[in-house]
Structures are given as structure tokens and as C-alpha cells.
Amino acid sequence: MKTRFLKTTGQTRQRNIRLAAKLIHDGDLVAFPTETVYGLGASVYNERAVSNIFQVKGRPPDNPMIVHIWSLDQMWGLAESIPLMFWILAEKFWPGPLTMVTRKSDKVPAIVSAGLPTVAVRMPDHPVARALLKNAAVPIVAPSANLSGRPSPTMALHVLEDLDGKIAAILDGGSCKIGLESTVLDITRKVPVILRPGGVTREEIERALGIHVSVASPTRKRPASPGMKYKHYAPKAEVILIEGERGAVLRGMKRVADRLKKQKTVFGVMAERSARPMFKSYRFFSLGSTGATGAARNLFEGFRKFDHQKVEMIVCEGFPDESLGSALMNRLRKAASRRVRV
Ligand code: TXA
Ligand code: MG
């Protein structure tokens, strides 16, 4: 199959978005940008197309997927009963990087939620995603548009790397603003549970609801969010994550880097731009200059870049585990084969 690369700037924008919507309607798969990461979309009501998503991604069949909508009316075709909490959070955070898990309606095919009685829904905040959803006029199922186990794509090029020739089209929307996947929040119980930390933080959700919100432990035997049990977000290289107070972290990274150099290991360093002078003689990938926000935006691109360079090890700076830093550290800790506290 030839994958069509569809631009969303200039005169072809409207035509390409309409074409993508038609492809989705016809049961084809189309990758599209969101503010978090690129998604691989299919019509929620087309079981064959949804099953193709599992196939082209190599996704384990027990991992359910997120349904994307552009208007709140679409909830009625997806959810069985909608708790009050939902409306409060939708009002506050949608469109945006928050996914809510509620009881699912029978209209949603079982394959979408991998047999679970629930469905995860999100209203993305990206003009291209919104235009596509509006034109398609059906909710769109979309996991991240990467091969299972690879870092999520934050640029159209990353999608091509993984899925060229396997899907009908890619809508190019440039780089994703947030760069990490959405927060997944289970609202089926009295106390909501964050199944996956992301762009909307626990503090923000607690403030909006005025109640305590818990966070699912990633080490539980049966994770509430099936996706969390898989080793995700990992580059091919081994990641050594150094955590602690910044000065100590950079000194620790330098020590590790010097040792790896002596051992003739092919390695790279990932840190905030300001650390570049310290690692002048090393392969360096900048995580930007805006703390955890910039690091979140650049992380997956860095993983992919170092993979291209056949780097065997990555020495990575850890960030404070707060706000967006919690989501960032969640991904980094999952990717890391070694964590060092300094
Ligand atoms: O930002 C995002 O969420 C991106 C963009 C494309 O929207 N999507 C994304 O999808 O990251 P995916 O499939 O890579 O991750 C979805 C996560 C998985 O951990 C999955 O297990 C969980 O959401 N999930 C989906 N449906 C669920 C459900 N009914 N109950 C619990 N967890 C669910
Ligand atoms: Mg994913």
C-alpha cells in the first residue's frame, strides 16, 4: 500500500482533511496529529478497521484504545452512564490532554476496549484533529501511531518511520506541542484514579473536583490500565536515568559519561540545553530550555534520533517529579534500565 502524505498547510489543507475523513469512512487507517502525540485513526464503529490497527501496530489484543471526539454530543453514542465528575472535568480540560474512562455503551464494539466494560474518551485540542473529527462525523479510535513498543511519534516523520506502506495516509501537522500522551483518568469509581499520568496533572484534577485523586501504582500485578504493563516508550538503547538535585545530577551524568567513554561504549547524553558545554566532546541531544515542559516535548524525538545513530546507551537527566514532570518521569522510569539517585 502506498501511504499518502497529506499536508495541512496552504491551499490543500481543506481538501486533504476531507480526503482523510473519507478514508476513515471507507474503513482505512489514517494517522493524524494531536497536541500530545500522533494517533492512528479508524472509525469506532468499523470493527474490521479497528482490528487492522492492532495488526499494523503489532499491538497486544488485550490493550484497549482511546476514542476521540470533537463534540460532547458524541458521548451519548459511547458511554452508558456519565457521572457528574465527567461534566466538570470536560468543561475544565476539554479539548485537551485528558482521557476519561467511563462505562461503555453496547454500541461500541468490544474490540475497541479489548473486552473491558469501559471506554476511554478524549477530545483533542489540535486544529487538524478537530477538523478531521468534524469532517468524519464519527468518533475516531486512535492509539499512538507507532509500532508497539517504540516511542510515540511526535512528528509525521516518526509515523512514516514506523508505518510507511501499512496505512492509507498521514496528515502532517508539524511537531506535537506537549509531546507525551494524555492523562488517563478512571472516573467509574467514587475516587477517580489516574491510570497514566500526562498533560493534565493530578493537582489540576484535584483542584477542579475538590476531592482527592489517586494514582495507580505501575507495579501492581494487574494494572487497571492494561497498556501500563507493557514496556513502553523505550528506545533500542539502554537508558541510564540520573535523578536528584540538578547540580548533583549533572556531575553524576558526567561521571557515567566519562566511564562509558573509557569503555568505548557508543553512547549519547540527553539533558537540558544549558548542560551542553559540560558534554562538549560527547554526542548530545538537547531536551530544550524550559525544564520538564521542553523535555516532554523533545524526549521521544531524542530516543528516535539516538536509535538512528545506533547508540547503545543513553545517559539522561532526571527532572523534578511534579506537574508535567510526573508524566515525564513516568515515561523515563519506564524506559530506563538503570536508575541512579545522586
Ligand atoms: O495522548 C494520547 O492519549 C494519544 C493520542 C493519540 O490521543 N493516544 C494514546 O493511545 O496514547 P495509546 O493507545 O497509545 O494509549 C492508551 C492508553 C493505554 O495505556 C490503554 O491501556 C489505556 O489508555 N486505555 C484505553 N482504554 C482503556 C480503558 N477502557 N480502561 C483502562 N485503560 C484504557
Ligand atoms: Mg501508545
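Predicted model: local features only at pLDDT ≥ 70, side-chain atom pairs only at ≥ 80, totals over all residues.
**Entry 1: a nonpolar patch on the surface**

I first looked up the nonpolar surface. Leu72, Trp76, Leu84, Trp87 and Ile88 make a patch of about 500 Å². I then placed one member, tryptophan 76, and found this residue in the loop between β4 (66-68) and α3 (84-93). Its relative accessible area is 52%, and tryptophan 76 is exposed because the cut-off for that class is over 50%. For Trp87, another residue of the patch, I noted a relative accessibility of 30%, which counts as partly exposed.

**Entry 2: the aromatic cluster**

I next asked how many aromatic pairs the structure holds. The count is eight. Among them, phenylalanine 86 and tryptophan 87 form an edge-to-face pair, with 4.9 Å from centre to centre and 90° between the planes. Phenylalanine 86 also pairs edge-to-face with tryptophan 94, here at 5.3 Å centre to centre and 85° between the planes.

Is phenylalanine 86 buried or exposed? Its relative accessibility is 0%, so phenylalanine 86 counts as buried. Tryptophan 94 has a value of 8% and is likewise counted as buried, because the limit for buried residues is under 20%.

**Entry 3: the cis peptide bond**

The bond from tryptophan 94 to proline 95 is cis, with omega near -10°. I recorded this because most peptide bonds are trans. Proline 95 has its place in the loop between α3 and β5 (98-103).

- Alanine 137 has phi near 60° and lies in the loop between α4 (127-136) and β7 (140-141). Its relative accessibility of 55% counts as exposed.
- Lysine 310 has a positive phi of about 55° and is found in the loop between α8 (291-308) and β15 (313-317). Its relative accessibility of 65% counts as exposed.

Which residues of α4 are buried? They are Val128, Ala129, Leu132, Leu133 and Ala136. Seen down the helix axis, the buried residues of α4 fall within an arc of 130°, so they line one face. I set beside this the general rule that an α-helix has 3.6 residues a turn, so that residues three or four places apart point the same way.

I also looked at the face of α4 turned away from the buried side, which carries the exposed residues Pro127 and Lys134. Last, I listed what covers the buried residues of α4: the cover includes α1 (13-25), β2 (30-32), β4, β7 and β8 (169-172). Of these elements, β4 was already in my notes as one end of the loop that holds tryptophan 76, and β7 as one end of the loop that holds alanine 137.

Terms used:
Residues numbered from 1 in each chain as written. Chains lettered and ligands numbered in written order. Heavy atoms only, no water. Patch = residues over 30% accessible without salt bridge, like charges linked within 9 Å, V, L, I, M, F, W, Y side chains within 5 Å. Areas by Shrake-Rupley, 256 points an atom, 1.4 Å probe, with all protein chains shown as cover. Salt bridge = Lys/Arg side-chain N within 4 Å of Asp/Glu carboxyl O. Helix = DSSP H or I, 4+ residues; strand = E, 2+ residues; numbered from the N terminus. Buried < 20%, exposed > 50% of the residue type's maximum accessible area, 1.4 Å probe, protein only. Phe/Tyr/Trp six-rings, centres within 6.5 Å; stacked < 30°, edge-to-face > 60°. Arc of directions from axis to C-beta. Contact = heavy atoms within 4.5 Å.
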